[in-house]
Amino acid sequence: MLEYYEKRCSEYEAIYAKPERQGCLAQLEQELCSLVAGKQVLEVACGTGFWTRRMANSAASLYASDASQQLALAARESCEGVNVQAGVVDVFSIPQREQFNCLVAGFFFSHVLVQERSSFLAGVAEALSPSSRVVLFDNRFVPGSSTPISRTTGTGDTYQNRSLVDGGSFEVLKNFPSTDQVASLLGELCSTVSTYENEYFWLVSGETLG
Ligand SMILES: C[S@@+](CC[C@H](N)C(=O)[O-])C[C@H]1O[C@@H](n2cnc3c(N)ncnc32)[C@H](O)[C@@H]1O
C-alpha cells in the first residue's frame, strides 16, 4: 500500500475534486474541524496533507504523520506558513504520545483488514492519554461514484483495482464498514461515541476511557 500511495502522491488529491462530492466534503470538513478545535492533534496516515491543511487553523497544535517519509514531508510542505510538525509514524505501532489529546485518521480505516480492526484501535487507544479524542472518517460505498469492488475474500475484506496515470496498476484493500460497525468497535475502547454520515462519507469519534 505504501508504494501505491507514494507513487500516487502527485495525483492523489484529484479524488477530492469529484464534483458530486463537494457538498458532502464541505460538511465532513465542518464536522472534523469542530472535533479538533483547541486539541493537540496527532494525525496519522496524513498522506499529502489534504486534511492537515483543513485542520491546521482549528487545532491548538498539529503533528501530521504517515508511514511514508515522502508523504509526511509533502503534507508539511503543503502547510507552508502554518505551524504544523510532521514525521514518520506507523499506525500499527504508535509510540506513547502524551502530548496529544486527539488522534485523527482520515481515509485509513478502510485500509485495515477486518481481522486487524480491533488491534489497530487498541493500539490507537493505548498510545493516547485517558479522555483523548479519537476521530476516524472514511468513504461510504456509492455505486456509480466509488471504484467498483474487484474481489471479496472469505474474511469479508474487499479490494479495488486502481490505475495510476503512469500506467501502473495496483490491487488495493478498501473496506466499507458501516458507521454502526465502526462505532461498535470504537465503543469497546471509548466512551461517548458519536457518529456522523452523509451520502459519501462517515465519521466516528469517541473519548478514550480513563
Ligand atoms: C487513503 S490515504 C489517506 C491520506 C489522507 N489521510 C487523506 O485522507 O487524504 C492512506 C495513507 O495511509 C498511509 N499508510 C499506509 N500504511 C500506513 C501505516 N502502517 N501507518 C501509517 N500510515 C500508513 C499511506 O502512506 C497513505 O498516505
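The model is predicted, so local features need pLDDT of at least 70, side-chain atom pairs count only at pLDDT 80 or more, and totals for chains, interfaces and linings use all residues. Residues are numbered from 1 along each chain as its sequence is written, and side-chain values use heavy atoms, with hydrogens and water left out.

Now look at polar contacts (pairs of N or O atoms within 3.5 Å). The side chain of Tyr16 has an N or O atom 2.7 Å from a ligand oxygen. Tyr12 places a polar side-chain atom 3.0 Å from an oxygen of the ligand. Asp90 has a polar side-chain atom 2.9 Å from a ligand nitrogen. On its own, the ligand has 590 Å² of accessible area, and the protein covers 96% of that (Shrake-Rupley method, 1.4 Å probe).

Where does the ligand sit? It sits in the largest pocket, as more than half of its atoms lie within 2 Å of the pocket's grid points. A pocket is an open set of points on a 1 Å grid over the protein atoms alone, where a 1.4 Å probe fits, with protein on both sides within 12 Å along at least five of seven lines; lining residues have an atom within 4 Å of a point. The largest pocket's volume is about 780 Å³, the space filled by probe spheres set on the points. Its lining has 44 residues, with Tyr5, Arg8, Tyr12, Phe107 and His111 closest to the centre.

Conventions:
Polar contact = N/O pair within 3.5 Å; in protein donor to acceptor, adjacent residues only side chain to side chain.
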